[in-house]
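Me: I would like to go through this model with you, one topic at a time. Could we begin as soon as it is on the screen?

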Amino acid sequence: MRLPSPRIEIDLAKLEDNTRCLVTQLAHRGIEVTGVTKAVLGLPAAAEAMLAGGVTRLGDSRLDNLTRLREAGIEAPTMLIRSPTPAEAEQAVAVASISLVSEPSVMLALAAAAGRAGMVHEVILMVELGDLREGVLAADLLPLARKAATLPALRLVGIGTNLACRNGVDPGEAQMAELAELAGMIRTELDLPVPLISGGNSANLTWALRADTTEHASSGITDLRLGEAILLGTDPVHGVPIDGLHTDVFTLVASVIESLEKPSMPWGERGFDSFGGVPTVADRGLIVQTIMSLGRQDVELEGLTPPPGITVLGASSDHLVLETPTRLEPGTELRFRLGYGGLLRAMTSPYVAVVQVSEKLFEAAEVPPLAGQGPLRQ
Ligand SMILES: *Cc1c(COP(=O)(O)O)cnc(C)c1O
């Protein structure tokens, strides 16, 4: 069978392994995992792999993705991890079990929609702890919680925070202790159980997986919402692989369309390239320049790792330009690792097919199709 190209290959067995590894380690610290599927656009097969690996629920920032999960017949609890707009309240209560919220009017809309549907919708109130994305300031949390507690058809089940995503603020002991303390305050003041203390995302793992486990068993944090770490096997704060996780769940495969010996130095008057940049180029004489049928519309260069011996020189919308040791026959497939941004963009590109592979097929295809190929002569 000829596989489509370009494509993303997903190894679901490795995805499940990664999930189980994190779920097991965090369970020792009293933390459940919400498996976040937004980078794979709520791909049902990826969600199933996360569930098989032990996540408590699934999370996604987009209602369309949660809808996709529900339409695939997945009945696990779901968390809408980006606040809906008031207009989206109806769809939110239909496809999400829990919503993360920070605005009274959104809570009102959710309560009304849940009431109309004859359901109870659960909410987690988001608290701003310094990264300056979503959430109310700590001083405004109790009034918001009071409001939530009075709304029929709404159940206040927890509080949460999100760090690192916007300003790179590193989630650590101080913020987690503050969040746990705020939950304690709500429990006391409102006499509510508030069981879900959702401490953050993959950037929280450095804190959560620290060696001194006993301290964290009582940290008060009961949930982390994990996407990147499960999917890529890396710690986003330090960009390094996490012990025991596969970093090759995803492989981007594309095909050669041109591979010619050319000077490395452009000639002629130079202005901006197609994205407003002026690339600096060193003259390295003649090189083999190889073009893949892939471009910025499909992938981000940051974090794009070509096979050994090959370097990425640049890209325009539809042409990824590489330097290869030898000329490659058009149609030759090359395999790339992706960073988070690249994964997100490739999954979102309508031009990139998504293919699920078994571990075996994946390993058989791992060897880049370069070996033994001498330079082609025209
Ligand atoms: C994207 C997101 C996550 C998951 O982040 P990862 O870095 O992929 O683990 C968790 N919570 C919120 C609110 C998010 O927007």
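**Helices and ligand site**

Reply: This is a predicted model. Helix 7 covers residues 173-190, and at 1.5 Å a residue its 18 residues should span 26 Å; the end C-alpha atoms are 26 Å apart, so the two values agree.

Me: Which residues of helix 7 are buried?

Reply: Gln175, Met176, Leu179, Ala180, Leu182, Ala183, Ile186 and Leu190 are buried in helix 7. They lie on the same side of helix 7, because the arc they cover around the axis is only 155 degrees.

Me: And what is exposed on the other side of helix 7?

Reply: Ala174, Glu181 and Thr188 are exposed there.

Me: What follows helix 7?

Reply: Asp191 follows, and its phi is positive, near 55 degrees.

Me: Changing topic to the ligand: how many residues surround it, and which are the closest?

Reply: The ligand is surrounded by 13 residues, and the closest are Lys38, Ser202, Arg225, Gly227 and Glu228.

Me: How much of the ligand does the protein cover?

Reply: On its own the ligand has 390 Å² of accessible area, and the protein covers 95% of that.

Me: Now Ala113: where does it lie, and is it buried or exposed?

Reply: Ala113 lies in helix 5, residues 104-116. Its relative accessibility is 2%, so Ala113 counts as buried. Leaving aside residues up to four places away in sequence, Ala113 touches Ala89, Glu90 and Val93.

Me: What else is buried in helix 5, and what covers those residues?

Reply: Besides Ala113, the buried residues of helix 5 are Val106, Met107, Ala109, Leu110, Ala111 and Ala114. The cover includes helix 4 (89-95), strand 5 (98-101), strand 6, helix 6 and strand 8.

Me: What span should helix 5 have?

Reply: At 1.5 Å a residue, its 13 residues should span 18 Å, and the end C-alpha atoms of helix 5 are 18 Å apart, which agrees. Just after helix 5, Gly118 has a positive phi of about 65 degrees.

Technical notes: Residues are numbered from 1 along each chain as its sequence is written. This is a predicted model: local features need pLDDT of at least 70, side-chain atom pairs count only at pLDDT 80 or more; totals for chains, interfaces and linings use all residues. Side-chain values use heavy atoms; hydrogens and water are left out. Helices (H or I, at least four residues) and strands (E, at least two) are DSSP runs, numbered from the N terminus. The expected span of a helix is 1.5 Å times one less than its number of residues. Buried means under 20% relative accessible area, exposed over 50%, partly exposed in between (1.4 Å probe, protein chains only). The arc is that of the directions from the helix axis to the C-beta atoms. A residue is near a molecule or strand if one of its heavy atoms lies within 4 Å of it. Accessible areas come from the Shrake-Rupley method with a 1.4 Å probe; for residues, only the protein chains shown count as cover. Contact means heavy atoms within 4.5 Å.
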